[in-house]
Amino acid sequence: MTETKIRTRPAAVALTPNAEERIAKLMVAAPEGAIGVKLSTPRRGCSGLAYSVDYVTEEVKFDEKIETPGGIFYIDGASVLYLIGSTMDWVEDDFAAGFVFENPNAKGACGCGESFTV
């Protein structure tokens, strides 16, 4: 009889150290009851889907859960397919600060960078 091997699958989204540090800062300042931060891709913008990062207060059954040094990061279960292989970074410069996504599934984006298509 052959032994079944269970292999850990990689997370759908890789977080850079800057992104992990930002999640830690968000969790320090989180409202009461927040258990983590969640990435989702709601339909909006001129290209169809946008990235949204929000606090969450409860786990949802099909969400992916990634434990980071500063807190738990969730990926919306319905959004995982649009995000597989992506990298999430936190970037700050003199004029703006925000999460930046490198998404190999994105086939296009709007001119303002607010939304993307798959």
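Colleague: Which residues does Glu-64 touch, not counting residues up to four places away in sequence?

Modeller: Happy to start there, keeping in mind that this is a predicted model. Glu-64 belongs to strand β5, which spans residues 64-68. Leaving aside residues up to four places away in sequence, Glu-64 touches Arg-9, Pro-10, Ala-11, Ala-12, Phe-73, Tyr-74, Ile-75 and Val-80.

Colleague: Is Glu-64 buried or exposed?

Modeller: The relative accessible area of Glu-64 is 10%. Buried means under 20%, so Glu-64 counts as buried.

Colleague: Which backbone nitrogen does the side chain of Glu-64 reach?

Modeller: Ala-11 and Ala-12 are among the residues that Glu-64 touches. The side chain of Glu-64 comes to 2.9 Å from a backbone nitrogen, and that nitrogen belongs to Ala-12.

Colleague: Which residues make up the covered face of β5?

Modeller: In a regular strand, side chains alternate between the two faces of the sheet. In β5, Lys-65 and Glu-67 are on the uncovered face. The covered face holds Glu-64, Ile-66 and Thr-68.

Colleague: How many bridges join β5 to β6?

Modeller: β5 and β6 form a hairpin, with two residues between them. Lys-65 stands opposite Tyr-74 in β6. The two strands run antiparallel, and the bridges joining β5 to β6 number five.

Colleague: Which strands stand at the edges of the open sheet?

Modeller: Four strands form this sheet in the order β4-β2-β6-β5, with mixed pairing. Each edge strand has a single partner, so one side of it is left without a neighbour in the sheet. The edge strands are β4 and β5.

Colleague: In which sense do β2 and β6 pair?

Modeller: Strand β2 covers residues 36-40 and strand β6 covers residues 71-75. Gly-36 stands opposite Ile-72 in β6. With four bridges between them, β2 and β6 pair in the parallel sense.

Colleague: At about what angle to β2 does helix α1 run?

Modeller: Helix α1 is made of residues 17-28. It lies across β2, β4, β5 and β6. Its angle to β2 is about 125 degrees.

Colleague: Why is the pair of Tyr-51 and Phe-101 described as stacked?

Modeller: A search of the whole structure finds two aromatic pairs. In the pair of Tyr-51 and Phe-101, the ring centres are 4.0 Å apart and the planes are at 10 degrees. Planes under 30 degrees apart count as stacked, so the value that decides it is the plane angle of 10 degrees.

Colleague: How many residues apart in sequence are the parts that this pair ties together?

Modeller: Tyr-51 lies in the loop between β3 (49-50) and β4 (52-56). Phe-101 is buried, with a relative accessible area of 18%, and lies in strand β8 (residues 97-102). The pair therefore ties together parts whose separation in sequence is 50 residues.

Colleague: Which residue has its charged end over the ring of Trp-90?

Modeller: Trp-90 is buried, with a relative accessible area of 14%. Its ring forms an edge-to-face pair with Phe-99, at 4.9 Å centre to centre and 70 degrees between the planes. The charged end over the ring of Trp-90, 4.4 Å from its centre, is that of Arg-22.

Colleague: How many strands does the protein have?

Modeller: From the N terminus on, the elements run β-α-β-β-β-β-β-α-β-β-β-β. The secondary structure includes two helices, and the strands come to 10.

Key: Residues numbered from 1 in each chain as written. Predicted model: local features only at pLDDT ≥ 70, side-chain atom pairs only at ≥ 80, totals over all residues. Heavy atoms only, no water. Phe/Tyr/Trp six-rings, centres within 6.5 Å; stacked < 30°, edge-to-face > 60°. Buried < 20%, exposed > 50% of the residue type's maximum accessible area, 1.4 Å probe, protein only. Lys NZ or Arg CZ within 6 Å of the ring centre and 35° of its normal. Polar contact = N/O pair within 3.5 Å; in protein donor to acceptor, adjacent residues only side chain to side chain. Contact = heavy atoms within 4.5 Å. Pairing = 2+ DSSP bridges. Axes fitted to C-alpha atoms, helices over the stretch in contact; angles between N-to-C directions.
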